[in-house]
Amino acid sequence: MLTEAPTVERAIARLMGGDDVARLHCAPIGESDGRIVLAMLDPEDWASADEASLVVGRPVTPVAIAEPAFRALVQREYGTTAAAMAASLGEGDDEVLANLESIEAEDLHRMAEQPSLINLVNLLILEAIRLGGSDVHVEPFERDLKVKYRIDGVLVEQQPPPKRLQPAITSRIKIMAGMNIAERYAPQDGHITLRFDGRKIDIRVSTAPTIYGESIVMRVLDKQSLQLDLKTLGMRETDRKEVDRLIAIPHGMVLVTGPTGSGKTTTLYAALSKLYDPRKKIITIEDPVEYELEGVNQIPVNPKRGLSFASGLRSILRQDPDVVMVGEIRDGETAEISVRAAMTGHLILSTLHTNDAASAVGRMLDMGIEPFLLASVLEAVIAQRLGRRLSSKFGFPHRPTEAEMLRLTAEERALFADATGEAIDSHDAGTAIFKGRIGFYEVLTVTRAMRQAIGERVNAHKLLETAGPSHLTMRRDGLLKAQQGLTTVGEVLRATQDSGTDLLLGDAD
């Protein structure tokens, strides 16, 4: 039985059309002794074999093929790509529409309902999912309509569809997301739900008007690809044990910080999944609810109906919760309610947008929280970033490039003295070198000395001095992972370059 999709000459593959391949569950893969070798899911299906023989015009020799290998073969040899379909739709008309706004909404509806256009948009989304993309960007420019997939945190440009298809593609996406296609001058948000390989995929859609049309970003929320294990996410065993201790405490506050796209919510979801116990009431308030967690009560923020983080949090506290996750502390009101809740017997988990762990303290104080209150409830701050993980065949330590060497201290360069791999320039490296993502973490546990420092409103530098010599910054954590061959120095520097902690501690020249 064939367990991998074989390489097929184009002349052989063309002996059968895609419709016949899908209908008969077989495909020609070669020839031998004047007969066509036929890969079949069921080689004893003689009726399909006889019909395939009539289609190819030659006698056939059936061979068994595993279903995954057959699917891969069909996709490669007979599948239609978004690029190919877009090219065929754009053939024979190179005209660039000068005034897209002049098209009536009725015409947009008609264009968006064309079967070929529907298939094209579906392919744009499904190809992104197959490639493991987290976002699909459709960007309009004067003479181009660019399509990019964010794969492992990096935008990868795809073959662009013809500019003339822009209004139809934009309208089709907006229809799928339940948006108003006649409104082209104001941002809109929408939602798409579809099924892919038997699983549910949620897609958040956002549009924004630009001078050449609407820019669209589709965020792919694939629960199956969500990793809710801190070890799989790349957290060191020492830090995992500390997180386990933190989420086991009955009350207090644990914050996770980092910019958008750094994996904060995923870390909190992993903690909640580990924390789940039927004897505990766990409630979250999020904007929006990205993934559904079994056994957890999840509330989506709805500003249009007066449900904000602050008002929702007040309601949650009347629900007798044990653990509360606040999607993000954005304002002083939410911060104050969260702190008060942590003081009255609740474990509060939340996120902040700060560059490093120590800065979270200053951010909370800037929101108006009294230093002595914050000092009494804050248990830890976890800062994190995400970098690309090296593919297993490249999983050994690589030397830093010359440019990277200049950004490392002498102590950091010594970590790679015995590296055997050639230097990899992360900026120019292809997607084949990287597979998936890995987290760089900084777990700042609040000690007794740190509580006193918080009460005195000391700056981030002095606050870190109370953490002790064993404290590991995100940059250091990442470099140790690069030393193990899990990522590259370039990925660590790219992901952690905005972290002020490392500069304060003198980890960078």
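These notebook entries record what I looked up in the structure.

**Entry 1. Basis and overall figures**

I worked with a predicted model, in which local features need pLDDT of at least 70, side-chain atom pairs count only at pLDDT 80 or more, and totals for chains, interfaces and linings use all residues. Residues are numbered from 1 along each chain as its sequence is written, and side-chain values use heavy atoms, with hydrogens and water left out.

I noted 22 helices and 16 strands in the protein; these are DSSP runs numbered from the N terminus, helices being H or I of at least four residues and strands E of at least two. The C-alpha trace spans about 85 × 60 × 50 Å along its principal axes. Of the 509 residues, 48% count as buried, where buried is under 20% relative accessible area, exposed is over 50% and partly exposed lies in between, with a 1.4 Å probe and protein chains only. Among contacts with a separation of 6 or more, 66% come from residues 24 or more positions apart; a contact is a pair of heavy atoms within 4.5 Å.

**Entry 2. The seven-stranded sheet**

I looked up the strand order of the open sheet of seven strands and found β12-β11-β13-β14-β10-β15-β16, with mixed pairing. Two strands pair if DSSP finds at least two bridges between them. The edge strands, each pairing on one side only, are β12 (297–300) and β16 (434–445). Neighbouring strands are turned by 20 degrees against each other on average, direction ignored; axes are lines fitted to C-alpha atoms, for helices over the stretch in contact, and angles run from 0 to 180 degrees between N-to-C directions.

Strand β15 (residues 378–390) runs antiparallel to β16 and is joined to it by 10 bridges. Within β16, Thr445 is the bridge partner of Ala380.

Which helices did I find against these strands? Helix α11 (residues 264–275) packs on the sheet and touches β10 (252–257), β11 (282–286), β12, β13 (323–326), β14 (347–352), β15 and β16. The direction of α11 makes about 165 degrees with that of β14. Helix α13 (residues 332–343) lies across β10, β13 and β14, at about 140 degrees to β10.

Ser350 counts as buried because its relative accessibility is 0%. Leaving out residues up to four places away in sequence, Ser350 touches Val254, Leu255, Val256, Leu268, Val326, Gly327, Glu328 and Ile329.

**Entry 3. The six-stranded sheet**

A further open sheet has six strands in the order β6-β5-β4-β9-β8-β7, paired antiparallel. Its edge strands are β6 (154–157) and β7, each of which pairs on one side only. The twist from one strand to the next averages 25 degrees. Strand β5 (residues 145–151) pairs with β6 over four bridges in the antiparallel sense, and Arg150 stands opposite Leu155 in β6.

Helix α7 lies across β4 (133–140), β5, β7, β8 and β9, at about 70 degrees to β7. Helix α8 (residues 166–176) lies across β4, β5, β7, β8 and β9, at about 45 degrees to β9.

I checked Ala128, found in helix α7 (residues 115–130). Is Ala128 buried or exposed? Ala128 counts as buried, because its relative accessibility is 1%. Beyond residues up to four places away in sequence, Ala128 touches Gly133, Val136 and Tyr149. Ala128 and Tyr149 are 21 residues apart in sequence, yet their C-alpha atoms are 6.2 Å apart in space.

**Entry 4. The second largest pocket**

I recorded a volume of about 720 Å³ for the second largest pocket. A pocket here is an open set of points on a 1 Å grid over the protein atoms alone, where a 1.4 Å probe fits, with protein on both sides within 12 Å along at least five of seven lines; lining residues have an atom within 4 Å of a point. Grid points are joined across faces, edges and corners, and the volume is the space filled by probe spheres set on the points.

Of the 26 lining residues, His191, Arg204, Leu221, Pro288 and Val289 are the closest to the centre of the pocket. The elements giving two or more residues to the lining are β7 (188–196), β8 (199–210) and β9 (213–222). β8 provides the largest share, six residues. By class, I noted 10 nonpolar, five polar and 11 charged residues in the lining; Ala, Val, Leu, Ile, Met, Phe, Trp, Tyr, Cys and Pro count as nonpolar, Asp, Glu, Lys and Arg as charged, and the others, Gly among them, as polar.

**Entry 5. Helix α20**

Why is helix α20 (residues 474–483) described as largely enclosed by the rest of the structure? Seven of its 10 residues are buried, so the description applies. The buried residues are Met474, Arg475, Asp477, Gly478, Leu479, Lys481 and Ala482. Just after α20, Gly485 takes a positive phi of about 85 degrees.
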